[in-house]
Amino acid sequence: MQNATKAIDLREIFLTFAKIGLTGFGGGMAIVALVERVCVKEKGWLSDEEFLHGIAFGQILGPFSLNSCTFTGYYLRGVAGGVAAAVGFMLPSFVIVSVLSWLYFTYHTLPELQAALKGTNPVVIGLILVVAVDMGRKQIKSGGKLLMALLAFLASALLKYNSALILLAAAVAALGLAIYKREAR
Amino acid sequence: MAAMLTLAWVYLQIGMMFVGGGYVLIPLMHHLMVDHYKWLTMREFLDGLALSQLTPGPLAVLATFTGFRSAGFAGALLATICIFLPCTLFMMLVGRYYERLKRIDVIKQTLDNLMPAVVGLIAAAAWNLGAASLSNIKEFAILALGFVIFKFSKLSPMLVILGAGVVGFLIN
């Protein structure tokens with residue numbers, strides 16, 4: 001799926017996505033929208049339709065934001081373009097988090113930082129709760145799905161089962177149901 | 001060396017289970033990093049989550065933080081590469097075959113069926129982390145305030161986390 005008419009410089013791909021990775025605060029859909037604006041609208045690297053087709057699969061594995069970058073890079077310059085886009089997008093966050101991690105693990109015994117982090121901990125849990133509520137309202141549309149969500153919750157919260165195993169079991173059930181529904185049609 | 005191989009393998013596995021958006025990483029990584037391998041304490045895990053909200057990157061940069069804890073800068077780099085390797089390869093495969101994949105609705109259907117379980121696991125993560133870390137009424141009040149702000153305002157998580165840090169500093 002390479003663009004044969006004009007090969008785009010790998011360095012330009014890298015720099016474009018590094019800029020998105022440095023300035024694209026807001027995460028998830030906000031980044032996808034930014035990639036679309038820059039690559040489709042401003043640079044005309046690919047059409048809206050091609051972009052939408054490509055990212056249709058971006059929510060299956062990994063972060064939606066990174067996947068939209070990888071797809072666009074791959075579309076432009078094959079594997080090298082995909083890697084350049086992915087590395088470019090992740091590099092700024094990687095550097096920022098590395099520095100923050102270093103600061104954190106060097107100074108996290110300071111009482112001032114301890115006090116500040118005591119304020120952020122409950123807020124992080126609040127954020128996770130909001131995500132669960134919003135995703136639940138979007139994803140749970142039937143009794144069967146509610147049951148699936150409840151079973152996963154109980155298995156993890158009360159029975160303390162391994163979340164990776166719960167996810168694996170749920171994936172097997174989800175695949176089985178999908179195949180069963182297709183056969184039934 | 002053996003420790004680095006273990007690190008790489010653990011993050012590759014997480015990368016392969018990284019379905020339906022970044023938040024599934026919270027229950028997965030909580031289990032692996034805190035309960036199973038004990039690379040982080042629960043407090044450090046929560047602090048790492050707060051830090052990951054301060055960058056434009058996905059929540060998965062939590063891997064950079066936990067990798068840093070296990071093996072310094074090299075660990076951070078290895079963990080970050082390994083957690084993103086599966087989805088990057090997957091997206092390039094999709095990029096190659098997407099014309100044909102459009103017709104395979106079983107994949108989409110499976111993801112659709114799986115998402116409720118992901119929601120259940122995320123809710124359980126909030127439950128498990130809350131049960132283990134919240135100890136007084138002040139913290140429950142901050143949680144409730146955070147919930148309301150995230151739910152009903154468009155404020156960026158980065159600002160809310162920084163604000164919470166200032167509040168925590170002032171009241172503790």
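Predicted model: local features only at pLDDT ≥ 70, side-chain atom pairs only at ≥ 80, totals over all residues.

Residues are numbered from 1 along each chain as its sequence is written, while chains are lettered from A and ligands numbered from 1 in the order in which they are written.

**Select chain A.** You will find seven helices and zero strands (DSSP runs numbered from the N terminus: helices are H or I, at least four residues; strands are E, at least two). The C-alpha trace spans about 65 × 55 × 25 Å along its principal axes. Of the 185 residues, 46% count as buried, meaning that 20 or more other C-beta atoms, placed from the backbone, lie within 10 Å of a residue's own.

**Next, select residues 29-42 of chain A.** This is helix α2, whose end C-alpha atoms are 18 Å apart, in agreement with the 20 Å that its 14 residues should span at 1.5 Å a residue (the expected span is 1.5 Å times one less than the number of residues). Show A:Ile31, A:Val32, A:Leu34, A:Val35 and A:Cys39, which are buried. Their cover includes α1 (10-23), α3 (48-55) and α4 (64-107) of chain A. Just after α2(A), stop at A:Gly44, with its positive phi of about 60°.

**Finally, bring in chain B.** The contact takes 86 residues from chain B and 86 residues from chain A (C-beta atoms, placed from the backbone, within 7 Å). On the side of chain B that touches chain A, α5(B) gives the most, with 23 residues.

Notes:
Contact = placed C-beta atoms within 7 Å. Buried ≥ 20, exposed ≤ 12 C-beta atoms within 10 Å, placed from the backbone.
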